[in-house]
Amino acid sequence: MRILGIDPGLRITGFGVIDKTASKLAYVSSGCIKTQDGELPLRLKSIMDHLNEVIVQHRPDQVAVEQVFVNVNPRSTLMLGQARGAAICTAVLNNLVVAEYTALQIKQAVVGKGHAKKEQVQEMVKRLLQLGGNPSTDAADALACAICHAHGGLGLGGMSTAGYRMKRGRLV
């Protein structure tokens, strides 16, 4: 199975493609889509166009997308949600199954603790995929999302967390 992981962002959207064969993971590709400052519709179109190129080139079977977290600035959250929507729409328009994971689920599945730092995620992605160096933080987050999906969304001690969310440190 080939999985495309996406770490959505309006300025930088990370993507990572891995192959899962039995229990083995293999790195295929990763990178970042950087949008130019300007009008929102054009930035969203840029994300969609570039993700479509990645999908056409690598032909993933499934897509995993990081869910939006609510941060202090509601405007930033809204903008991030729109970039995420563009990524999901691109996958759906290509008839791909989309799974969604929280940052906590992704970090738990890849690092073993939900509040891991970005550097820890980069290091574990490098180790799990046997990369020669650390990918950029956005690409590492996207690859981590794909790895989480490859593991069935498993985190929190091997319990499937797909379809659940965290609220005040509890799975609900």
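These legends accompany close-up views of a predicted model.

View 1. Start here to get your bearings: 5 strands form an open sheet, and their order is β3-β2-β1-β4-β5, with mixed pairing. At the edges sit β3 (24–34) and β5 (97–101), each of which pairs on one side only. From one strand to the next, the twist averages 20°. As a reminder, strands of a sheet pair through backbone hydrogen bonds, either parallel or antiparallel.

**View 2. The pairing of β1 with β2.** Now look at strand β1, which covers residues 2–7, alongside strand β2, which covers residues 12–21. The two pair in the antiparallel sense, over 6 bridges.

View 3. Helix α1, made of residues 40–58, lies across β1, β2 and β3. Helix α1 runs at about 150° to β3. Helix α2 (residues 74–93) also packs on the sheet, where the strands it touches are β1, β4 (62–66) and β5. The direction of α2 makes about 150° with that of β5.

View 4. Is Lys24 buried or exposed? Lys24 counts as exposed because its relative accessibility is 64%, and the cut-off for exposed is over 50%. Follow the chain for 126 residues and you come to Ala150, whose C-alpha atom is separated from that of Lys24 by 9.4 Å.

**View 5. Arg59, a loop residue with positive phi.** Arg59 is found in the loop between α1 and β4. Its phi is near 50°, a positive value in a residue other than glycine. That is worth a second look, because most residues other than glycine have a negative phi. Arg59 has a relative accessible area of 55%, so the residue is exposed.

View 6. Which loop holds Asn95? Asn95 lies in the one between α2 and β5. Asn95 is not a glycine, yet its phi is positive, at about 60°. With a relative accessible area of 72%, Asn95 is exposed.

Technical notes
Residues are numbered from 1 along each chain as its sequence is written. This is a predicted model: local features need pLDDT of at least 70, side-chain atom pairs count only at pLDDT 80 or more; totals for chains, interfaces and linings use all residues. Side-chain values use heavy atoms; hydrogens and water are left out. Two strands pair if DSSP finds at least two bridges between them. Helices (H or I, at least four residues) and strands (E, at least two) are DSSP runs, numbered from the N terminus. Axes are lines fitted to C-alpha atoms, for helices over the stretch in contact, and angles run from 0 to 180 degrees between N-to-C directions. Contact means heavy atoms within 4.5 Å. Buried means under 20% relative accessible area, exposed over 50%, partly exposed in between (1.4 Å probe, protein chains only).
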